[in-house]
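Please look over the sequence and the 3D structure below, and keep them in view while you read this briefing.

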Amino acid sequence: MFITLGLLLPHQYQVHRSQTITTTQPYVFNLLLDLKNWPNIMAWHRLAGVKNINVSTPSRGVGAHIELAHTLGHLEITIVKQSDNNLEFSLLINDEHVGAGQLTSVLSANETKIDWHLNGMIHSNLFGGYIALYCEFYLEQMIISALNNINTQVKLQATQ
């Protein structure tokens, strides 16, 4: 039963989160445009099992990448397209499972809205469906944490 269910589960994952942050400061989205900020924003140092985090130099722009080594696997994120209000990146998990992400920013009078999209495919026949469910849950929690951390950082900056 367990194996049959694993074969029938979809092998794709998809995450979408959006948050509006009250600020007139343009630096909010700039934090996300530079991969050197991602380990702190995502709080990767708080994850159990993280072995190593490597950020490329330069850490901004097309081709910049970050690698996260974990006891459960290896994650690579590479920027494939970037502008002042858009960041598109590719994901590679354990050198076989692919994904893509997009971050967009929309500025208004006193707000910045950040949209975060991720989707991918797990290429494992037997446990792919379970891994996809795990990835979707794990990545969603990471994005929620990142958006909350950015919001907190903006609030702290406003009080100084």
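Is Phe127 buried, exposed or partly exposed? Phe127 is partly exposed, with a relative accessible area of 38%, where buried means under 20%, exposed over 50% and partly exposed in between, using a 1.4 Å probe and protein chains only. This is a predicted model, in which local features need pLDDT of at least 70 and side-chain atom pairs count only at pLDDT 80 or more, while totals for chains, interfaces and linings use all residues. Residues are numbered from 1 along each chain as its sequence is written, and side-chain values use heavy atoms, leaving out hydrogens and water.

**Around Phe127**
- Phe127 sits in the loop between strand 7 (111-121) and helix 4 (128-159), where helices (H or I, at least four residues) and strands (E, at least two) are DSSP runs numbered from the N terminus.

**Around Asp34**
- Asp34, found in the loop between helix 2 (27-33) and helix 3 (38-41), is buried, with a relative accessible area of 7%.
- Leaving aside residues up to four places away in sequence, Asp34 touches Ser59 and Arg60, contact meaning heavy atoms within 4.5 Å.

**Aromatic pairs**
- The structure holds three aromatic pairs, for which rings of Phe, Tyr and Trp (its six-membered ring) must have centres within 6.5 Å, with planes under 30 degrees apart counted as stacked, over 60 as edge-to-face and the rest as tilted.
- One of them is edge-to-face, because the rings of Trp38 and Phe89 have centres 5.4 Å apart and planes at 90°.
- Trp38 lies in helix 3 and Phe89 in strand 5 (residues 86-93), so this pair ties together parts that are 51 residues apart in sequence.
- Both Trp38 and Phe89 are buried.
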